[in-house]
Amino acid sequence: MDFDLTEEQRMIQETISKFAKEEIAPVASENDKKAHFPRDIFKKLAGLGFMGTPIPHEYGGAGFDYISHAIVAEEIGRVDSSMRGTYSVQVSLVELPLLKFGNEEQKRKYLPKLTSGEWIGCFGLTEPNAGSDPASMISSAEEDGDHYVLNGQKTWITNAGIADLAIVYAKTDKDAGPKGITAFLVEKGTEGFSTKDLHDKLGLRASNTGEIYLENCRVPNENILGELNKGFKVAMGTLDFGRFTVAAGCVGAAQGCIDICKEYAKQRIQFGKPIASFQLVQQMIADMVVECEAGRLLVYRAGHLKNKGEPNTRETSIAKYYCSEMVNRVAYKAIQIHGGYGFSGEYDVERFYRDARINTLYEGTSQIQQLIIGAIELEIRAFT
Ligand SMILES: Cc1cc2nc3c(=O)[nH]c(=O)nc-3n(C[C@H](O)[C@H](O)[C@H](O)COP(=O)(O)OP(=O)(O)OC[C@H]3O[C@@H](n4cnc5c(N)ncnc54)[C@H](O)[C@@H]3O)c2cc1C
């Protein structure tokens, strides 16, 4: 076992960390308050190769390994979870499924546009009545000559309102449960495709979230991603990528809380001393550090398996479950260390605390991760 980063991984870490500190962090709070998605920063990240991290060069990507992909999510998440969310969706939920399940023509057509940041992508699985149980979706796709006609609604879709390309899931055989779902590549501007932004979110306010409406939306047959009726496999394969970057982003956000708290605890004076000198404050910092480092090791282990091309659903779910719960505990302590000031929007820990909350909910709730891990351990599935 080698715990050292390679020379290349260290260089990637330095570059993205510098960019995050200099370009993303200074405007993160303002963008959160204005619920503004900074497209200029997204484009700059893409210009540095960070919107196509694990995608091969031939499709416009940077060709990084999965540990590097995690490092990028971590360093962005260390300063801004909204931008980390956009990164996760663009790379893990759109580009990676295209790479894994797309045909050569689809890869050549879409990947360079996405990795260059010219296009933004989104992943449309969730529906108003189908969240943890996506196989119960009611969106449908009916064959009509050389097209499929899609009808239905998707909700809580990250990037929906700003996306140029949506991977949308619909039933092509309504009686076949998970075996009757197909994934479609739907371009913005396709007739019958529209979106509506969702507002007033608890966190991730600088990230776009919206609904997708499919009203007799005609999608050419060649835009099926993967095989007909095999969309559930595409969705689950995609979530193995997505959960990995969510977990890495949680480690980054936890590290961000630790960075801020160390500085604050050294300069905040009570009882004539910096609060950092009090044992109970040190205990909180120590717990935050231990949990963050444990999470990082879980993420890197999953990344190591991904690099080797080995099965990693179990390890990815363990990392996602642990890190998403962990960042909430860490952000809670970060507020505690800031006392009353932590309750104010003037301090970044308030944003970190709100942003942490989403991680146990999306890309499979903590309960769903527990059921995935439990099913693998026990060889008994709690749900079909
Ligand atoms: C900001 C944001 C961004 C999102 N981005 C996307 C996106 O880009 N694309 C996308 O497709 N979706 C996205 N989602 C949707 C997200 O993935 C779902 O919200 C999530 O899967 C949970 O579904 P639900 O909200 O319908 O909750 P439900 O499935 O209704 O769950 C409610 C509660 O019941 C529990 N529960 C459900 N089933 C079981 C079970 N079998 N056993 C035990 N407990 C159970 C859950 O754990 C949870 O606690 C996003 C959501 C948010 C809030």
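**Ligand shell**

I began with residue classes around the ligand: the shell has 12 nonpolar, 8 polar and 2 charged residues. I count Ala, Val, Leu, Ile, Met, Phe, Trp, Tyr, Cys and Pro as nonpolar, Asp, Glu, Lys and Arg as charged, and the others, Gly among them, as polar. The model is predicted, and local features need pLDDT of at least 70, side-chain atom pairs count only at pLDDT 80 or more, and totals for chains, interfaces and linings use all residues. Numbering runs from 1 along each chain as its sequence is written.

Which residues come nearest to the ligand? Of the 22 around it, they are Leu125, Gly131, Ser132, Thr365 and Gln367. I take a residue as near a molecule or strand if its C-beta atom, placed from the backbone, lies within 6 Å of it. At least two shell residues come from each of β1 (121–124), β3 (147–158) and α10 (366–378). Helices (H or I, at least four residues) and strands (E, at least two) are DSSP runs, numbered from the N terminus.

**Domains**

I looked up the domain assignment of the protein chain, which lists domain 1 (7–120), domain 2 (122–227) and domain 3 (233–378). Such bounds come from an automatic or database assignment. Domain 2 and domain 3 each give at least three residues to the ligand shell. Their centres, taken over C-alpha atoms, are 30 Å apart.

I then checked where these two domains touch: 11 residues of domain 2 are in contact with 10 residues of domain 3. Contact means C-beta atoms, placed from the backbone, within 7 Å. On the domain 2 side I find 8 nonpolar, 3 polar and no charged residues.

**Nonpolar core**

The largest nonpolar core has 102 residues, and those touching the most other members are Val168, Phe184, Ala254, Cys257, Val299, Cys323 and Ala334. Such a core is a set of buried Ala, Val, Leu, Ile, Met, Phe, Trp, Tyr and Cys residues joined through C-beta atoms within 7 Å. Helix α6 (231–267) gives the most to this core, with 18 residues. I listed the contacts of Phe184 beyond four places in sequence; among them are Ala141, Tyr148, Val168, Val219 and Leu225.

**Helix α2**

Which residues of α2 (39–47) are buried? I find Ile41, Leu45 and Ala46. Viewed down the helix axis, they fall within an arc of 140°, so they line one face of α2. That arc is of the directions from the axis to the C-beta atoms. A residue is buried with 20 or more other C-beta atoms within 10 Å of its own, exposed with 12 or fewer, and partly exposed in between. Asp40 and Gly47 are exposed on the face turned away from the buried side. The cover over the buried residues includes α1 (7–34), α4 (81–101) and α5 (104–115). Just after α2, Gly49 has a positive phi of about 90°.

**Single residues**

Ala25 sits in helix α1. I noted 5.3 Å between the C-alpha atoms of Ala25 and Val79, which are 54 residues apart along the chain. Ala25 is partly exposed, because 16 other C-beta atoms lie within 10 Å.

Most residues other than glycine have a negative phi. I therefore logged Trp156 in strand β3, where phi is near 60°, and this residue is partly exposed with 18 other C-beta atoms within 10 Å. Phe271 lies in the loop between β9 (269–270) and β10 (273–274). Phi of Phe271 is near 55°, and the residue counts as exposed, with 8 C-beta neighbours inside 10 Å.
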